[in-house]
Amino acid sequence: VRAEVSSRPTLGPNQLAMTIPVSAQSAVGGRLRPGDAVQVLLTIDKGKPEARTTVVLPRVTVYVVGQEERLGAINTTPPADAAGRPAAQGPISWVTVVVTPEQAVELARARWAGELDVALLPPQ
């Protein structure tokens, strides 16, 4: 029943959905969509000569993309795009990816060790 109501794929055995904060500058200009394949990178000591970047997750799938919510005090109806669908509420602020339990541990460590970037990969 859940699959009939939601557009998101269901998680399989040994899969977790994990959310990381991002911005348009760190996530392909904010142009990510559920189902996209991405690579997650970690930069430590950003802005310093000893800065280094490593690949945390070589290939994972985007589960959900979240935008910053903007509340309007006057108009309570969300804006629509040209096709009448609700428009994005604001800039990208987080992305949820599908990971294994082992990848979740690596991603959690990386999130607190430095700054994360999300790179879009071509389909396989």
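Trainee: What makes the pairing of the side chains of threonine 96 and threonine 19 a polar contact?

Mentor: In this predicted model, the side chain of threonine 96 lies 2.5 Å from the side chain of threonine 19 in a polar contact. The cut-off for such a pair of N or O atoms is within 3.5 Å, and the value of 2.5 Å meets it, so the term applies.

Trainee: Why is threonine 96 called buried?

Mentor: Its relative accessibility is 6%. Buried means under 20%, and therefore threonine 96 belongs to that class. The residue is found in strand 4, which spans residues 92–99.

Trainee: Which residues is threonine 96 in contact with, leaving aside its neighbours within four places in sequence?

Mentor: They are Ala17, Met18, Thr19, Thr61, Val62, Tyr63 and Val64. Thr19 is also the partner in the polar contact.

Trainee: Valine 28 is found in the loop between strand 1 (16–21) and strand 2 (37–44). Why is valine 28 called partly exposed?

Mentor: Valine 28 has a relative accessibility of 32%. Partly exposed is the class between buried, under 20%, and exposed, over 50%; the value of 32% falls in between, so valine 28 is placed there.

Trainee: What makes the phi of valine 28 worth noting?

Mentor: Phi of valine 28 is near 55°, a positive value in a residue other than glycine. Most residues other than glycine have a negative phi.

Trainee: What are the corresponding phi and accessibility class for aspartate 45?

Mentor: Phi of aspartate 45 is near 60°, again positive in a residue other than glycine. Aspartate 45 lies in the loop between strand 2 and strand 3 (52–67).

Trainee: What pattern does the chain follow along the sequence, and what share of its residues counts as buried?

Mentor: The chain has 2 helices and 5 strands, in the pattern α-β-β-β-β-α-β. Of its 124 residues, 27% count as buried. Among contacts between residues at least 6 apart in sequence, 73% join residues at least 24 apart. The chain exposes about 8,400 Å², with carbon and sulfur atoms supplying 54% of that area.

How values were computed: Residues numbered from 1 in each chain as written. Predicted model: local features only at pLDDT ≥ 70, side-chain atom pairs only at ≥ 80, totals over all residues. Heavy atoms only, no water. Helix = DSSP H or I, 4+ residues; strand = E, 2+ residues; numbered from the N terminus. Buried < 20%, exposed > 50% of the residue type's maximum accessible area, 1.4 Å probe, protein only. Contact = heavy atoms within 4.5 Å. Areas by Shrake-Rupley, 256 points an atom, 1.4 Å probe, with all protein chains shown as cover. Polar contact = N/O pair within 3.5 Å; in protein donor to acceptor, adjacent residues only side chain to side chain.
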